[in-house]
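Take a look at the model below. Some questions and answers on its sheet and helices follow.

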Amino acid sequence: MEKKQVNAKAPTGLVLNIQHFCTHDGPGIRTNVFLKACSLRCKWCSNPESIHPKPELAYNAGKCIGEKQCGFCLKNVCPESAIYVVGSGDRADDKVRINWDLCTNCGNCVPVCPTNALYLFGQEMSVDQVLDEVEQDSAFYRESGGGMTVSGGECQLQADFLAALLAGAHQRGINTAIETASNVPWDFMAKVLPHVDTVLHDIKLTDPERHKKWCGADNTRIRANLKRAYETFPDKKFIARTPLIPGVNDDEEHIRATLAFIKPYKNVIDYELLPYHRFGEGKYGFLGRVYEMMDFTSPTPETLKRLQAIIDEAFGRSGAPR
Amino acid sequence: MQTPQKRIAVNFGGGYVPGLNAVITGVVLAASKLGWEALGIRDGFEGLLFPDRYSDGGVMTLTPAMVENLAGSTGCILGTAAQSDPFHVRTINAENMVEEVDRSDELLGVIQKKKIDAVISVVGARALSILWKLSRKGLKTVCIPKSVENDVAATMLSFGFNSALSFVAEMLERCRQAAQSARRIGVVEVLGEHAGWLALQAGMAVCADAVLIPEIPYDLRKVAAKLREKAKAGQTFGLVVVAEGAKPLAGVDARPKTSDPKMKAALSPGATGEEGLHVIERSGQVAAEAALVIQRLTDRETYPLVLGQLAKGGTPTIVDRQLGLGYGAGAVRALSNNQSGVMVVFQPPDLKFVPMNEAINKFRTVSAESEFVQIARSLGISLGD
């Protein structure tokens, strides 16, 4: 039986953002397309707006000009009465606030907000709409060997759309990459991977129980999917990646266990460490969510250097500066 | 007239505050007096949604014998549920994928199946909205306000506040002694995202030099001027109390920028705007920033200190014990009057019942004309304005 996809059967995909001139996710200068919905809940997630499988409201109080000057969103726009101000209009602070527990993400408030303080994350786009925008950067791809990287959330949850998007990119001569955690049914990967040139896949933790604790689900399916992908698509390039989170996976044990997992496969051409950063933190506020990694800091340069040396040695690059 | 036999349950949404066991005691004793059966639901509604996680099946029968000597104790024998929301329950589906599902109908079904007539729920601001949604779906419920910040609208005094106030005042006293001995300026951050009651009342109790609260945007130059003036008069130390939600006056924000916004935009879609003004990004941030600026403006060493969540722990004071017992017994009285969808509120000298939606989207904040503000000013405490 076919597994249910996010946004199944829609001729369009739920796109979060298209970001130009990216250099961290695949070869050359790339355009990143972020698709919405995720099948994990990593506590350090830097793109919380990509998790929910539907368009969702975000509110940036920094852009709100307040009840006194505006107040349109307070005039019976919200069917759930989820928008309010604290205190009366004669107070200095009359910016609106959102009761996230009452909000249903209907988006009625978005068009009335003149400053875009209220906006929706996620919009339906067709393959051609996305590719037309991506193709604007084609001169840069040619010069740098870049292309399009589709990321998320978990981009493979919209497998049909993603496969069509990647195939369309190939037709236009654009190199393709995806960034995935691979926690999806194999059917999805079987649809998507034939159209991908480079697969950037996470290995966040190797122990299933710890994976469940920090990412919401265990990694049994991820490991099975990755092994099958390495074996089924020997000509594709795979790059393993670990978001390095202090106190979670910034230890030699994890690095060596990951290397043991990927090294038997020649098509896994590299293993990258992505040092944890807090850049996603502010967005939790925009979405009314709590950032659970509040007190964590980035890994130290010493830790990075030490762990990178283990990887370099495994890939025969010892001594090469990175 | 004999009140009909009822089976009621009590639970706790949101986090811990001192006095929760006093509420349980109040509910159980008052219910027992009416001949009702009282149950306790573990960890918010999780005892009903995940009974397998609990050796007692997630629900326990509460008897007067069990609550003997319980009212003054710390902790909560039923547990609390800070992040629990029956409308968005995180689950792993058959495909090993994580998703949030609405289990509110299932929850109401379980409550009916267990023949629970009504639920008395102790809530803070967030859990109140969730309870309101359940109430709209048919749950018979009475809620009780808890808040260490005393910011729940419609009630003069939430339980938990008095205990937090006593603790914070004692800590401030110690901080001041430490500041005096080190001849430095202590900048102490206390809870208070929307309302500055805790900072203001505790700050007043120890005669702090300045108190910064969310309701009055601050200008640290004014605070520094006050500290310089005191230094001139011979005071070699200082104590500034800041509520975590305190904000600088528009245009005089001296906060250092912590990261390059362009870098943010490049690495995370959507993070291109300014930071949300109502978001407390990190506990201790306001104290750290205020301490830095005050040091620069006064040329005297400062030290930031965060009391934060410490104020939520500990045993309840006598006031909170009384309030907890009163709120518990009051909620049972509301149910015996066949009321539902109401909040028990304390409007001295009475306990009253108001529709719970009257407290949603509202916070009890410190008004500029508040007597507390006037007194603070009379005591020479700078409010940063």
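Two strands pair if DSSP finds at least two bridges between them; strands are DSSP runs (E, at least two residues) and helices are runs of H or I (at least four), numbered from the N terminus. This is a predicted model: local features need pLDDT of at least 70, side-chain atom pairs count only at pLDDT 80 or more, and totals for chains, interfaces and linings use all residues. Residues are numbered from 1 along each chain as its sequence is written, and chains are lettered from A and ligands numbered from 1 in the order written.

Q: In which sense do β10 and β11 of chain A pair?
A: β10 spans residues 198–202 of chain A and β11 spans 237–244. They share 5 bridges. The sense is parallel.

Q: Which residue in β11(A) is the bridge partner of H201(A)?
A: The partner sits in β11(A). It is A240(A).

Q: Which strands are the edges of the open sheet in chain A?
A: The order is β7-β1-β2-β8-β9-β10-β11-β12, with mixed pairing. An edge strand pairs on one side only. The edges are β7 (123–126) and β12 (268–275).

Q: How is α2(A) placed against α4(A): parallel, perpendicular or oblique?
A: The axes (lines fitted to C-alpha atoms over the stretch in contact, angles 0 to 180 degrees between N-to-C directions) come within 10 Å and cross at roughly 45°. Under 35 degrees counts as roughly parallel, over 145 as roughly antiparallel, 65 to 115 as roughly perpendicular, the rest as oblique. So α2(A) is oblique to α4(A).

Q: Which residues of α4(A) make the contact with α2(A)?
A: Contact means C-beta atoms, placed from the backbone, within 7 Å. α2(A) brings V127(A), V130(A), L131(A) and V134(A). α4(A) brings A164(A), L165(A), G168(A) and A169(A).

Methods. Two residues are in contact if their C-beta atoms, placed from the backbone, lie within 7 Å.
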